[in-house]
Amino acid sequence: RATAHLPSLLDERLDEMGLDYTILYPSMSLSFLDMTDGELAGVLCRAVNRMHARVFAPYAERMCVGALIPMNTPEIAVEVLDDALALGFKAGVMSGYALRPIAAIERAHGALEPPVLRWDTFGLDSAYDYDPFWARCVEAGFAPVAHSSTQRYHVARSPSNYVYNHVGGIGRCQEALAKSLLMGGVTRRFPKLRVGFLEGGVAWACSLFADLLGHWEKRNARAIEALDPDRLDVDALLHYFDRYAADDVKARRDRVRAFFAKPAARPEQVDEFAAAAIETARDLHDLFVPHFYFGCEADDPLAAWAFADRVNPLGARLRAMLGSDIAHWDVTDMTLPVEEAWEMVEHGTLGAPEFREFAFLNAVRLHGGMNPRFFEGTRVA
């Protein structure tokens, strides 16, 4: 418990834990990222960031802290990011969503208490254009990571059981953000942007990648046009009804014809992958795999799924990273997470080269890939 609160003690014990360098993210103050009052969230996050910059400055060789970046609006996010950069921060954590009132409900009923809110995930259907924030991240070489959960908001929620709510809660939230960024075209417009997802594991991302590819194959612009109901040959269809339908159906032949001949109601946007400009399956791979990085706890055996290129479509190897969570209340011994992660090699689910990617290389790809100077002056330089 003392090590979780005292940076000098943590610095002294890192070798004992098997950690050369660690990127730390705030815990209790993460709640500031969920505030609906953006102005207050910005003030509180800047205050926390200034405290952490001061407290952790002496330990920069072995550790750095991620700044809190509130995402209520892109203007607030850029303002707090710039302040953090001026303080020397090179990593930061944002919420996976912003809570927005539903305009139609407010127009009909006024402001409600408690409020009825929707999730805004900064890409698809966002209330704001967040491109200025992503552009600033790329310009500054700053790889944002997200940490949020559906625990408080998911419809299947237990009023009495924490474990029921916790299982899958973070992964569901991270999935919503990743889908939004890809289908909203963010990774298309910002090819250098890299985003991390903390603590939810990688199994949800493997499933999401396969689901997106399956949906694209059936619902891309060309495939969906082939299913246009207006292309139906109604006369040929009725030929089969005349031969095979029951008598009571044949008696309503005119109504059957009218049903199938009715013009289709076409949506404004038929190609739902248009914002991402996905033309081929390889496009989807390239807009997903190199852009997203997934923090996995040491005892998560499904971290190995990320490297299962014989299972993942297109031979994909997702960018899973070791998130040791050494200060978690349920990590009773801080010296065990790295050892526990190595058990995947001992059990044969990961090879030593994959473990190197998991415990080292993918974190370098995330942060060093956007900022080649990220590790200057550190133990791993």
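1. Leu208 is buried, at a relative accessible area of 3%, where buried stands for under 20% relative accessible area with a 1.4 Å probe and protein chains only. This is a predicted model, in which local features need pLDDT of at least 70 and side-chain atom pairs count only at pLDDT 80 or more, while totals for chains, interfaces and linings use all residues. Residues are numbered from 1 along each chain as its sequence is written, and side-chain values use heavy atoms, with hydrogens and water left out.

2. Leu208 belongs to helix 10, helices being DSSP runs (H or I, at least four residues) numbered from the N terminus. Leaving aside neighbours within four places in sequence, Leu208 is in contact (heavy atoms within 4.5 Å) with Glu175, Ala178, Lys179 and Phe288.

3. Among the 88 residues of the largest nonpolar core, those that touch the most other members are Phe133, Trp134, Phe288, Leu318 and Phe358; such a core is a set of buried Ala, Val, Leu, Ile, Met, Phe, Trp, Tyr and Cys residues joined through side-chain atoms within 4.5 Å. Helix 10 (residues 203–219) supplies the largest share of this core, eight residues.

4. Helix 4 (residues 74–86) packs against helix 6 (residues 131–140) at an angle of about 20 degrees, with their axes 9 Å apart, the axes being lines fitted to C-alpha atoms over the stretch in contact and the angles running from 0 to 180 degrees between N-to-C directions. Helix 4 is therefore roughly parallel to helix 6, a description for angles under 35 degrees.

5. In that packing, Ala77, Val78, Leu81, Asp82 and Leu85 of helix 4 meet Pro132, Phe133, Arg136, Cys137 and Ala140 of helix 6.

Key:
Helices (H or I, at least four residues) and strands (E, at least two) are DSSP runs, numbered from the N terminus. Angles under 35 degrees count as roughly parallel, over 145 as roughly antiparallel, 65 to 115 as roughly perpendicular and the rest as oblique. Buried means under 20% relative accessible area, exposed over 50%, partly exposed in between (1.4 Å probe, protein chains only).
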